Amino acid sequence: MNLTHPFRDADGDKLREECGVFGVIGAQEAANITAAGLHSLQHRGQEAVGITCFSGSDFRSHRGLGHVAQVFDNDTLETLPGAMASGHVRYSTTGGSGLRNVQPLYADLAAGGFSIAHNGNISNAMTLKRDLVMKGSIFQSTSDTEVIIHLVATSRYPTLLDKFIDALRMVEGGYALICMTNEGMMACRDPLGIRPLVMGRIGDAIVFASETVAFDVIGAEFIRAVEPGELVQVDFKGTISSHRPFGSPSPRPCIFEHVYFSRPDSVMDGISVYQARKQIGMELAKESPANADVVIPVPDSGVPAAIGYAQESGIPFELGIIRSHYVGRTFIQPGDAARHSSVKRKHNANRAIVEGKRIILIDDSIVRGTTSMKIVEMMRDAGAAEVHMRIASPPTQHSCFYGVDTPERSKLLAAKMDTQAMAEFIKADSLAFVTIDGLYRAVGEPKRAKKCPQFCDACFTGDYPTRLTDFETAGSPA
């Protein structure tokens, strides 16, 4: 979501989503509903939040740095009237923090007001921006989302819908977009459906969100997922129309949504995220057993997989690590020393469970390996006899260019070492990852289809489903 450096390096040791989006049309106090929906999507972005509403005559916005509850109170929400609103939660990236990049972005176009909230990443944004600047466009942010606004503004098609479709045909990458105009709301996903987007109903109002959990919180009924490549248009009369400007390519939704990004109580493409994570743990137990006394999750993301591993293996599940919920996320810290200190503040060994035991640690992923090393060290300091690490995803060997903030490839541990070397690096007695086919089985597929994979799994396989124009132009090593 940041154009200052398209291949930026995250400072942390976890893959993380950059954004969550929410929109509602046809509801009184739409901004209040949007704030509640964004609160349930807070895990997708914890550094900034914004809401834009349409009062029937004009658009109004409020944006701020911090959590939803910090930025929006009752007094603030009263300044955002109207029956249509959209919102966005985000993480800032290197060079990308500050209010000018907080979404939704808004512009007055010749065709009227245009607001856009975006989850994902445009992989040819730098190339498009250079062309637009040469033609006279003036950018106010470093967000790739603003490229879409300029493409809409400069399109020669007659209607705003056609301008929007024209703009989308020029962009590459993964995106879920919620746009507002004077005529209503438009919501769409990229042609491969890499980024998620779902549609629901609350009373007579239509709502869109990154995850179904947002509907649970506001009492909305889930209707269906917005299909890959689909553009759904809703006017103020409640009329819903569906457009398919990209044909019907084979979908490639992000498989890491099932591993880590989505909340466990969400449902992705008909699959319970919680059940999928338990099933990953079961696959891991079948593929990589270990002689041990207890199965311990790295909280909170490792818990469902650890439950699955324990159930399949018959080894007792225990909370051998207690997490403090009052410490900021590890990856926010600016350097290795601060991150290591944060690990100790965030997690503490439950010595009564760990001491003298052979333990199996379950985590969702290994990125740089620094956090895993500290967790293993913590277990040994608490008296663990053996520490076997099991990871509920395949090795992360490649960077993501579709809206997930990952380090450059040279800093991914699995890109530099094989599994045995990684085990030695984190000082574990053994280390194993779920296989790519095991991951696919856990989400209901017999195995990965090599010629046409059912998901985007590029972070594991390097099989990118779209062109990466900016990356290729930069000449960086893959």
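**Close-up 1. Asp75 sits in helix H3, which covers residues 74-78.** Helices here are DSSP runs of H or I with at least four residues, strands are runs of E with at least two, and both are numbered from the N terminus. The model is predicted: local features need pLDDT of at least 70, side-chain atom pairs count only at pLDDT 80 or more, and totals for chains, interfaces and linings use all residues. Residues are numbered from 1 along each chain as its sequence is written, and side-chain values use heavy atoms, leaving out hydrogens and water. Is Asp75 buried or exposed? Asp75 counts as exposed because its relative accessibility is 56% (buried means under 20% relative accessible area, exposed over 50%, partly exposed in between, with a 1.4 Å probe and protein chains only). Together with Glu29, Asp73 and Glu78, Asp75 forms a negative surface patch (a patch takes residues with over 30% relative accessible area and no salt bridge, joining like charges within 9 Å and nonpolar side chains, namely Val, Leu, Ile, Met, Phe, Trp and Tyr, within 5 Å). Asp and Glu count as negative, Lys and Arg as positive, while His and the chain ends are not counted.

**Close-up 2. Glu211 and Arg44 meet in a salt bridge.** In such a bridge, a side-chain nitrogen of Lys or Arg lies within 4 Å of a carboxyl oxygen of Asp or Glu. For this pair, the N to O distance is 2.6 Å. Glu211 is in the loop between strand E11 (205-209) and helix H7 (213-218), and Arg44 is in the loop between helix H1 (30-40) and strand E3 (48-54), so the bridge ties together parts 167 residues apart in sequence. Glu211 is buried at 0% relative accessibility, and Arg44 is buried with a relative accessible area of 0%. A network of salt bridges links Arg44 and Glu211 with Arg195 and Glu257.

**Close-up 3. Asp429 pairs with Arg380 in a salt bridge.** Their closest N and O atoms are 3.0 Å apart. This pair links distant parts of the chain, 49 residues apart: Asp429 lies in the loop between helix H15 (419-426) and strand E23 (430-433), and Arg380 in helix H13 (residues 370-381). Asp429 is partly exposed at 42%, and Arg380 is partly exposed at 32%.

**Close-up 4. Arg448 and Asp463 form a salt bridge.** Here the closest N and O atoms are 3.1 Å apart. Arg448 is buried, with a relative accessible area of 12%, whereas Asp463 is partly exposed at 28%. How many salt bridges does a search of the whole structure find? The search finds 17.

Notes. Areas by Shrake-Rupley, 256 points an atom, 1.4 Å probe, with all protein chains shown as cover. Charge placed at Lys NZ, Arg CZ, Asp CG, Glu CD.
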